[in-house]
Amino acid sequence: MGKLFCVLVSIACIGFLVYMNVNDRTRIQQKAEEVEAINEDTREAEKEIAQAEAEEKAAELAEKEANDSFYQKLADRFDARILVIGDTNAQGFGASSDETAWFSLLKKSIEDKYGVKVHVDNNSVIDSGAYASYAKVKMMEDSQDYDLVIICTGAADSEENLPVYYEALLRAIQGKIPNCNVITIQEYMEGDNNSKNMAILNLSNAYHAQTVDMYSKILTDPAPYVFEGGYLNDEGHRLYAEGVFSEIQRNVKSGTGFEPGPERTVYTDTEKFDDFLYVPAENFTRTDRQYAMERSFTGIVAFDFDVLPGDNKVDVYVDRVKVSSYVVTNTIETPVEHIELIEGELSPGRRIGVVFSTTESADSFRGMMLTMTE
């Protein structure tokens, strides 16, 4: 009897110990689950905080990128977009390849120096002046997102017309491409062009554009940099790229921001150029090599077409009377876009027409650019 009692007591003790052990394990498991739940909540909270901080930082960076000037973007390592506008030298003529054109060399220098991607569009027209550049900008869609516009034009303009046409170009950029920086190039031109370069400098200052003087750098010894006609060779393109890049570096270092141009024009006549119209070829009546349109106006006119290799003759008629005749020579082996500005104001009472010397030239006619002056 005593032995049986001892066995029962032993079994009871063992059972109790087993029960307590299982119970402890259950409590430990429950405690572990509670701790894991707390940890999970903590991780989720930390993740939400980190995500909120990342979104806030991304928003701040996006706002900064949107508000940065071109130079501030480079300093902050943001990608950038550049528009080149101008004439033959701006277009890259004379370079032995696309890679040796000054704007391609400039793009590479910027990307190598600041570790960013730079997109460059070139909207330049060979053998053109400041009016053609103005017209090309006016034809762009509103609110372009370029960070920098580089202007290289003026060689083909007269001292009389350049100031107004150049200011019209600056105002067009201000209207079409808000909040962009502008660099103007005082390009090399054969002969004494101090007055034109001074006009470019004064207008650049008025519109808060940075100016690069390539005229003075080449004038003293042009031979290494240009060939016949004053066009840039590879060395000239390299010099242009270095000059513009040096100006960009200077402004990145000083943190140059963006400052809009004046509301009022420097030259009174420039105000007339706010009114621009492009009339496509479809609005003209074509007869063989002639295009004509019934319209009465007073204004400045330019015709947009391709010049073929060789001589391209263009006659302009106002009310069936020939008022202008031009021969445009293309020394390149392929057709190129050309904008022929007609000197002086035209005032057709009823009709304006243009006649091309060949059917091929007439086929390339795209339209007429018109600035109403009255």
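Does His208 count as buried, partly exposed or exposed, and at what relative accessibility? At 32% relative accessibility, His208 counts as partly exposed, where buried means under 20% relative accessible area, exposed over 50%, and partly exposed in between (1.4 Å probe, protein chains only). This is a predicted model: local features need pLDDT of at least 70, side-chain atom pairs count only at pLDDT 80 or more, and totals for chains, interfaces and linings use all residues. Residues are numbered from 1 along each chain as its sequence is written, and side-chain values use heavy atoms, with hydrogens and water left out.

**Overall build**
- The protein has 10 helices and 16 strands; helices (H or I, at least four residues) and strands (E, at least two) are DSSP runs, numbered from the N terminus.
- Of the 374 residues in the protein, 45% are buried.
- Among contacts (heavy atoms within 4.5 Å) with a separation of 6 or more, 79% are between residues 24 or more positions apart.

**Largest pocket**
- The largest pocket holds about 570 Å³ of space.
- On a 1 Å grid over the protein atoms alone, a pocket is an open set of points where a 1.4 Å probe fits, with protein on both sides within 12 Å along at least five of seven lines; lining residues have an atom within 4 Å of a point.
- The volume is the space filled by probe spheres set on the points.
- The largest pocket is lined by 29 residues, of which Asp127, Ser128, Gly129, Ala156 and Asp157 are the closest to its centre.
- At least two lining residues come from each of helix H3 (88–91), helix H5 (130–138), strand E13 (321–330) and strand E14 (336–341).
- E14 gives the most to this lining, with 4 residues.
- By type, the lining has 12 nonpolar, 10 polar and 7 charged residues; Ala, Val, Leu, Ile, Met, Phe, Trp, Tyr, Cys and Pro count as nonpolar, Asp, Glu, Lys and Arg as charged, and the others, Gly among them, as polar.

**Aromatic pairs**
- The whole structure contains 19 aromatic pairs; rings of Phe, Tyr and Trp (its six-membered ring) pair if their centres lie within 6.5 Å, and planes under 30 degrees apart count as stacked, over 60 as edge-to-face and the rest as tilted.
- Phe93 and Tyr231 are edge-to-face because their ring centres are 5.2 Å apart and their planes stand at 85 degrees.
- Phe93 lies in the loop between H3 and helix H4 (102–114) and Tyr231 in strand E7 (residues 231–232), so this pair ties together parts 138 residues apart in sequence.
- Tyr231 is partly exposed, at 25% relative accessibility.
- Tyr134 and Phe273 also form an edge-to-face pair, 5.6 Å centre to centre with 75 degrees between the planes.
- Tyr134 sits in helix H5 and Phe273 in the loop between helix H9 (234–254) and strand E8 (276–280), 139 residues apart.
- Both Tyr134 and Phe273 are buried.
- Phe284, Tyr291, Phe303, Phe305, Phe356 and Phe365 are linked into a cluster by ring pairs.

- Most residues other than glycine have a negative phi.
- His208, in the loop between helix H7 (194–206) and strand E5 (210–213), has a positive phi of about 55 degrees.
- Asp288, in the loop between strand E9 (285–287) and strand E10 (290–294), has a positive phi of about 60 degrees.
- Asp288 counts as exposed, at 52% relative accessibility.
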